[in-house]
Amino acid sequence: MSRVGNSPITVPSGVEIGVDGRRVVVTGAKGTLSRDLPGEITLRADDGILHVERPDDTAQNRSLHGLTRSLVQNMVTGVTEGFTKELRIQGVGYRVAESTPTSLELSLGFSHTVKIAAPEGVEFEVPQRTQIVVKGIDKQLVGQVAADIRKWRPPEPYKGKGIRYADERVKRKAGKAAK
C-alpha cells in the first residue's frame, strides 16, 4: 500500500477543487492550476477532504498513486501559499545587473550580460545584487526556472564561484599541489 497515496488531502477554506473527468482544476487566492490525472487514478471529495484512489494493484497504478496525491497536494499548496526558490550568486563581478518582476539581466563573467525572461506564472525578486528569489504557484515551473538560471554558471569546486541554491553545499577541492 502507498503510504503517501492513502493519506488524505485537506482542502483549506477559500480553495475550490473541480474534477471534470480526468482533469483537476484547483482555484485559490493566488490563481488557478489544472492538471490531467494520469492512468486510471480517481479523485473523491468528502467535505473538504480529498482522497486519491486507484482501481487495482497493478504496478502502473501503484506507481501513480503516490505521485498523483503529491501533485494534487502541491497544486493546493501553490494556490494558497505559493512556492519560492532562492538562488545566491558568488564570485567577483558576478551580480544581477538589472531586474524587473518578469526579467533578469545577469553579469556572470561572459563578454555580454545574460537576459532571462520569466515564463507566465513566475516572478523574480532581487533583495540584493547577489540574491535572486523565484516565486510562483506551480512548483514544477518554479524549480525548472531556478534550475535554468543556475545552469548559466553552476558553482565550481575550486573557488566556489557561480550560481547556487541558498541551501546548497558546494564541496570544495584543494588546488594543484606544488612540488
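**From the pocket to the cores**

The largest pocket holds about 210 Å³ of space. The model is a predicted one. Rolling a probe the size of a water molecule over the atoms is a way to show where empty space is left. Around the largest pocket, the lining consists of K30, E81, G82, F83, T84, G121, V122, E123, K135, G136 and I137. Three strands, β7, β11 and β12, each supply at least two residues of that lining.

Leaving aside neighbours within four places in sequence, T77 is in contact with G82 and F83. Is T77 buried or exposed? The relative accessible area of T77 is 18%, and buried means under 20%, so T77 counts as buried.

The next topic is the nonpolar interior. In soluble globular proteins, nonpolar side chains tend to be buried together. Here the largest nonpolar core has 20 residues, and those with the most contacts inside it are L106, F124, I132, V134 and I149. At least two residues of this core come from each of β7 (83–90), β9 (103–107), β10 (114–117), β11 (122–128), β12 (131–136), α3 (139–151) and β13 (162–165). Helix α3 gives the most to this core, with four residues. Apart from this core lies another, of 16 residues, with I9, V24, V52 and V79 among them.

Which residues is V134 in contact with, leaving aside its neighbours within four places in sequence? They are F83, T84, K85, L87, V122, E123, F124, V142, V145, A146 and I149.

The bridge partner of L106 is V114, in β10. Strands β9 and β10 run antiparallel and are joined by four bridges. They belong to an open sheet of three strands, in the order β8-β9-β10, with antiparallel pairing. Why is one side of β8 and of β10 left without a neighbour in the sheet? β8 (95–100) and β10 stand at the edges and each has a single partner strand, so one side of each has no neighbour there. From one strand to the next, the twist averages 20°. Strands of a sheet pair through backbone hydrogen bonds, either parallel or antiparallel.

Notes: Residues are numbered from 1 along each chain as its sequence is written. This is a predicted model: local features need pLDDT of at least 70, side-chain atom pairs count only at pLDDT 80 or more; totals for chains, interfaces and linings use all residues. Side-chain values use heavy atoms; hydrogens and water are left out. A nonpolar core is a set of buried Ala, Val, Leu, Ile, Met, Phe, Trp, Tyr and Cys residues joined through side-chain atoms within 4.5 Å. Buried means under 20% relative accessible area, exposed over 50%, partly exposed in between (1.4 Å probe, protein chains only). Contact means heavy atoms within 4.5 Å. Two strands pair if DSSP finds at least two bridges between them. Axes are lines fitted to C-alpha atoms, for helices over the stretch in contact, and angles run from 0 to 180 degrees between N-to-C directions. On a 1 Å grid over the protein atoms alone, a cavity is a set of points where a 1.4 Å probe fits but cannot get out, and a pocket is an open set with protein on both sides within 12 Å along at least five of seven lines; lining residues have an atom within 4 Å of a point. Grid points are joined across faces, edges and corners, and a volume is the space filled by probe spheres set on the points.
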